[in-house]
Amino acid sequence: MKTVGIVGGGQLGRMMAMEAKDLDVEIFVLDPTPNCPASEFATQVEGDFSDKNTVLEFGKDKDVLTFEIESANADALIELEERGIEIHPSPKTLSIIKDKFKQKEFLTEHGIPVGSYAKVESSEDVKDFAKKHDYPVVLKSRRGAYDGCGNRTVENEEQIESAMSELGEGLYIEAWVPFSKELAVVVARGQDGTVYPYPVVETIHTDHICDLVASPADVDEKVAEKASALSAKIMEVFHGAGVFGIEMFLTKEGEVLINEIAPRVHNSGHLTLGGANISQFKQHVLAVLGESLVEPLLKGKAVIMKNILGTRNAPAKPTGIEGAEALGALVEIYGKHDTKVKRKMGHVTVVGESPEEVKQIILKAHSLISI
Ligand SMILES: Nc1ncnc2c1ncn2[C@@H]1O[C@H](COP(=O)(O)OP(=O)(O)O)[C@@H](O)[C@H]1O
Ligand SMILES: [Mg+2]
């Protein structure tokens, strides 16, 4: 039996381990939180995944390693790969992507369209950038950000200092993209080079946090083709097997720009769990193991997912799940001990034949759940 080590044991690691249950593998996760979400389906090693020595120690005796979070220590993974441990996707890809500014530079060098951005060393850099691109601008942490926690929208010069001090060191800036929609593509690559994208989805964010994902995206064929072509190009420039999540902005002019790339399973692919013949999580584990990938197909003409976000700070107490399931919703709760405001605690997916019908059911089902 192969041993697979996942660096990170949050909900993404949990769903990977859960989906690997019927495969001949033993899964280990490295995570600092005692009884992390993945620990229900995997053996947890408690430790800091951003610490080099901890990752070296965790990885040294596994047959194959992967990661569920960009903060995974890339230097340790590069060193383990040099020592002969298999790691998917490539840790070099992780080290480019984990710094969002470096990632943007890399995309630009490879001719992939992104919005305007610049390095920030002082508030003068923000002022200069805003002179060229106008307010609002988006100040972002280069590393370690997730679910909007590393972003501040700056509306005017007066807001620069407070946004900078809230975010701390290591920043860059982006021009505001007045998008008409946000799109995403989840793509899987096998070790034999097979590339299977899932259909282009629309993602809706509130306060920089993903709220709802609808598949397929309601866009005309030309836009869907542009998004697919861009994701194919991105898969050519980033190396490694596994699942990647590609976030995009669709501009009012019909142009598609890349927002960011995740070298891992992604929130925009959660609806594939129960909503497709193969979930992104199982597909990723197959890729990591060097098995053949499965060609993905949605189970209905419309599949929609809505995140369950915490609305208070207290121990988690999920209720209303049976009621939501009775409406036909698939409910996934991540087993986090504490609920926190805006923290991702679970999600609901509904599969059906029309987006209108599915949306009605999902909003009803979602409203019944509290956590
Ligand atoms: N330059 C931008 N212009 C407009 N909206 C943005 C911009 N950058 C981020 N956002 C909004 O914030 C969300 C989260 O930002 P993102 O940089 O993807 O951070 P995270 O790492 O939290 O996903 C985006 O999906 C989008 O809704
Ligand atoms: Mg994002």
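**Pockets, ligand contacts and backbone details in a predicted model**

The second largest pocket holds about 290 Å³ of space. Some bookkeeping before going on: this is a predicted model, where local features need pLDDT of at least 70 and side-chain atom pairs count only at pLDDT 80 or more, while totals for chains, interfaces and linings use all residues. Residues are numbered from 1 along each chain as its sequence is written, chains are lettered from A and ligands numbered from 1 in the order in which they are written, and side-chain values use heavy atoms, with hydrogens and water left out.

Back to the pocket. Rolling a probe the size of a water molecule over the atoms shows where empty space is left. Here the search ran on a 1 Å grid over the protein atoms alone; a pocket is an open set of points where a 1.4 Å probe fits, with protein on both sides within 12 Å along at least five of seven lines, and lining residues have an atom within 4 Å of a point. Grid points are joined across faces, edges and corners, and the volume is the space filled by probe spheres set on the points. The second largest pocket is lined by 17 residues, and Ala214, Pro216, Asp218, Ile304 and Pro355 are the closest to its centre. Strand S12 (201-206), strand S13 (209-215), strand S16 (302-309) and helix H12 (355-368) each put at least two residues into this lining; helices (H or I, at least four residues) and strands (E, at least two) are DSSP runs, numbered from the N terminus. By type, the lining splits into nine nonpolar, two polar and six charged residues.

Pro136 belongs to the loop between helix H6 (123-133) and strand S7 (137-141).

Ligand 1 has 19 residues around it, and Lys140, Gly148, Val177, Glu182 and Glu260 come nearest; a residue is near a molecule if one of its heavy atoms lies within 4 Å of it. For Lys140, a side-chain N or O atom is 2.6 Å from an oxygen atom of ligand 1. The corresponding distance is 2.9 Å for His208 and 3.0 Å for Asn151.

Lys342 is in the loop between strand S19 (338-339) and strand S20 (344-352), and is partly exposed at 40%.

Helix H5 (residues 100-109) has Lys100, Phe101, Gln103, Lys104, Phe106 and Leu107 as its buried residues. At its start, a side-chain oxygen of Asp99 comes within 3.0 Å of the backbone nitrogen of Phe101. After H5 comes Gly111, with a positive phi near 70°.

As for disulfides (pairs of cysteine sulfur atoms within 2.5 Å), the count is zero. Cys36 has its closest cysteine sulfur 19 Å away, in Cys149, so the gap is too far for a bond. Cys210 is in no disulfide either, with the sulfur of Cys149 the nearest at 15 Å. Both Cys36, at 2% relative accessibility, and Cys210, at 6%, are buried.

Gly245, in strand S14 (residues 242-251), is buried at 0%, and its C-alpha is 6.5 Å from that of Val187, 58 residues apart in sequence. Ala326, in helix H11 (residues 321-326), is exposed at 68%; its C-alpha and that of Glu81, 245 residues apart along the chain, are separated by 47 Å.

How values were computed
Buried < 20%, exposed > 50% of the residue type's maximum accessible area, 1.4 Å probe, protein only. Nonpolar A, V, L, I, M, F, W, Y, C, P; charged D, E, K, R; others polar. Polar contact = N/O pair within 3.5 Å; in protein donor to acceptor, adjacent residues only side chain to side chain.
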